[in-house]
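Subject: Handing over the structure

Hi,

Here is the structure I promised to pass on to you. Have a look at it first, and then read on for what I found in it.

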Amino acid sequence: MKSALTIAGSDSSGGAGIQADIKTMCANHVFATSAITALTAQNTLGVTGIMDVTPEFLGNN
């Protein structure tokens, strides 16, 4: 099985960002890995907050 890495923000609605990337990869029989760069707080009316993930945190493994 092929694998791919997505580097993106998280969209809690699932319509964009990491969640949409993973759905697309799975639909194409690709094993998905991810690095989340930002978290969002949102609802159907819009985004109310964004929190960046620091490069230092992403670099810890």
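Before we get to particular residues, one definition: a residue counts as buried under 20% relative accessible area, as exposed over 50%, and as partly exposed in between. Please also keep in mind that this is a predicted model.

**Overall picture**

The protein has 2 helices and 4 strands, and from the N terminus on they follow the order β-α-β-β-β-α. Along the principal axes, its C-alpha atoms fill a box of roughly 40 × 30 × 10 Å. Of the 61 residues in the protein, 18% are buried. The exposed surface comes to about 4,500 Å², with 61% of it supplied by carbon and sulfur atoms. Among contacts with a separation of 6 or more, 46% are between residues 24 or more positions apart.

**Strands β1 and β2**

Strand β1 covers residues 2-8 and runs parallel to β2, with 7 bridges joining the two.

Is Thr6 buried or exposed? Thr6, which lies in strand β1, has a relative accessibility of 5%, so it counts as buried. Leaving out residues up to four places away in sequence, Thr6 touches Ile18, Asp21, Met25, Thr33, Ser34 and Ala35.

Ala4 also has its place in strand β1. With a relative accessibility of 26%, Ala4 counts as partly exposed. Which residues is Ala4 in contact with, leaving aside its neighbours within four places in sequence? They are Met25, Val30, Phe31, Ala32 and Thr33. For Val30, there is a C-alpha distance as well: Ala4 and Val30 are 26 residues apart along the chain, and their C-alpha atoms are separated by 6.7 Å.

His29 is found in the loop between α1 and β2. Its phi is near 60 degrees, a positive value in a residue other than glycine. As background, most residues other than glycine have a negative phi. His29 has a relative accessible area of 63%, so it is exposed.

**A nonpolar patch**

Where does Ile36 lie? Ile36 is in strand β2, which spans residues 30-36. Its relative accessible area is 31%, and it is therefore partly exposed. Together with Leu39 and Met51, Ile36 forms a nonpolar patch on the surface, and the accessible area of these residues together is about 260 Å².

**The β3-β4 hairpin**

Strand β3 (residues 38-43) pairs with β4 in the antiparallel sense over 6 bridges. How many residues are there between β3 and β4 in the hairpin they form? There are 2 residues between them. One of the bridges has Thr40 paired with Ile50 in β4.

Ala41 is found in strand β3 and has a relative accessible area of 37%, which means that it is partly exposed. Not counting residues up to four places away in sequence, Ala41 touches Gly46, Val47, Thr48 and Gly49. Ala41 and Ser3, in turn, are 38 residues apart in sequence, with 29 Å between them in space, C-alpha to C-alpha.

Gly49 belongs to strand β4, made up of residues 46-52. Gly49 has a relative accessibility of 25%, so it counts as partly exposed. Leaving aside its neighbours within four places in sequence, Gly49 is in contact with Leu39, Thr40 and Ala41. Gly49 and Ser34 are 15 residues apart in sequence and, from C-alpha to C-alpha, 21 Å apart in space.

Technical notes: Residues numbered from 1 in each chain as written. Predicted model: local features only at pLDDT ≥ 70, side-chain atom pairs only at ≥ 80, totals over all residues. Heavy atoms only, no water. Buried < 20%, exposed > 50% of the residue type's maximum accessible area, 1.4 Å probe, protein only. Contact = heavy atoms within 4.5 Å. Areas by Shrake-Rupley, 256 points an atom, 1.4 Å probe, with all protein chains shown as cover. Patch = residues over 30% accessible without salt bridge, like charges linked within 9 Å, V, L, I, M, F, W, Y side chains within 5 Å. Salt bridge = Lys/Arg side-chain N within 4 Å of Asp/Glu carboxyl O. Pairing = 2+ DSSP bridges.
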